[in-house]
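My notebook is open and the model is loaded.

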Amino acid sequence: MAKESQTPLEDELARQEQEAEVSEQSAEERLVEDELDGLINDEAVLEGSVGNPEADMLAAQVEELEQSLAEAKDQALRAAAEAQNVRRRAEQEAEKARKFALEKFVKDLLPVVDSLEKALESMQEGASDAHREGVSMTLKMQLDALTKSGVESIEPQGEPFDPQVHEAMAMVPNPELEPNTVMEVMQKGYLLNGRLVRPAMVIVSQKAN
């Protein structure tokens, strides 16, 4: 059958429809091309940022600042610890100075105590009670004052010889005592707050032949 001829109006409508389809297809192709170009541009930006010298420099500066901050914190901690040590040493020195400020005075006072003790021991039976009591009370006052100041006497009679606080004046054989035992105290020793002010002068036993 022969194809029916179309009217001019139908021909125009067909032509416009074909042009519309072509235009829509072209628009879709341009949209795809634009998206592809955008992806390519984004990739180029990322690649450029990876090798960007300014970005590398900023990263290096940040790392350097972080390292400097860590060093500053470490130095601050060390300084605080050193300050604490200095304060502790100062407190210890002040405590020592307080404890042993009387050391020279005690050393000067000990001969007076020795003289009073010897005077009391050497008094004859004929000495008056008032005289004896006066010397005894004076000695007691001296010893009480020393005790309040932290002074302790060393009287090692019968104890093992200790070279840290005793000074041996003689070695005497004695079969009744263990060797290196204090037989006699010739002069008492003294400690000031645990520190030796004067060693005790002693006679020490040794093994008998």
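**Entry 1: a leucine in a helix**

I looked up Leu116 and found it buried, at 16% relative accessibility. I take buried as under 20% relative accessible area, exposed as over 50% and partly exposed as in between, with a 1.4 Å probe and protein chains only. Leu116 sits in helix 3, residues 103-122. Helices (H or I, at least four residues) and strands (E, at least two) are DSSP runs, numbered from the N terminus.

Which residues does Leu116 touch, not counting those up to four places away in sequence? I listed Val135, Thr138, Leu139 and Gln142. Contact here means heavy atoms within 4.5 Å. I also checked Lys140, 24 residues from Leu116 along the chain, and their C-alpha atoms are 9.7 Å apart.

A note on the ground rules: this is a predicted model, in which local features need pLDDT of at least 70 and side-chain atom pairs count only at pLDDT 80 or more, while totals for chains, interfaces and linings use all residues. Residues are numbered from 1 along each chain as its sequence is written, and side-chain values use heavy atoms, with hydrogens and water left out.

**Entry 2: the whole chain**

I stepped back and counted four helices and six strands. Along the sequence they follow the pattern α-α-α-α-β-β-β-β-β-β. The chain has 209 residues, and buried ones make up 16% of them. Of the contacts with a separation of 6 or more, 62% are between residues 24 or more positions apart.

I traced an open sheet of three strands in the order 1-4-5, with antiparallel pairing. Strand 1 (151-154) and strand 5 are at its edges with a single partner strand each, so one side of each has no neighbour in the sheet. The twist from one strand to the next averages 35°. Two strands pair if DSSP finds at least two bridges between them. For angles, axes are lines fitted to C-alpha atoms, for helices over the stretch in contact, and the values run from 0 to 180 degrees between N-to-C directions.

Four bridges join strand 1 to strand 4 in the antiparallel sense, and I noted Gly189 in strand 4 as the bridge partner of Ile154. Strand 4 (residues 189-192) pairs with strand 5 (residues 195-198) over three bridges, also antiparallel. On that side I found Leu191 opposite Leu196 in strand 5.

Strands 4 and 5 form a hairpin with two residues between them. One to flag is Asn193, in the loop between the two strands, with a positive phi of about 50° although it is not a glycine. Most residues other than glycine have a negative phi. Asn193 is partly exposed, at 33% relative accessibility.

Helix 3 lies across strand 1, strand 4 and strand 5, and runs at about 50° to strand 5.

**Entry 3: an arginine in strand 5**

Beyond its neighbours within four places in sequence, Arg198 is in contact with several residues, including Leu110, Asp114, Ile154 and Tyr190.

I then followed a second open sheet, three strands in the order 2-6-3 with mixed pairing. Strand 2 (166-173) and strand 3 (182-187) are the edges; each has a single partner strand, so one side of each is left without a neighbour in the sheet. Neighbouring strands are turned by 25° against each other on average, direction ignored.

Strand 2 runs parallel to strand 6 (residues 200-206), and seven bridges join them. I marked Ile203 in strand 6 as the bridge partner of Ala170.

In the loop between strand 2 and strand 3 I came to Asn180, a non-glycine residue with a positive phi near 65°. Asn180 is partly exposed, at 42% relative accessibility.

**Entry 4: the lining of the largest pocket**

Which element gives the largest share of this lining? I found that helix 3 does, with four residues. Helix 3 and strand 3 each supply at least two residues. Among the lining residues I wrote down Asp114, Glu117, Glu155, Val185 and Lys188. My pocket is, on a 1 Å grid over the protein atoms alone, an open set of points where a 1.4 Å probe fits, with protein on both sides within 12 Å along at least five of seven lines; lining residues have an atom within 4 Å of a point.
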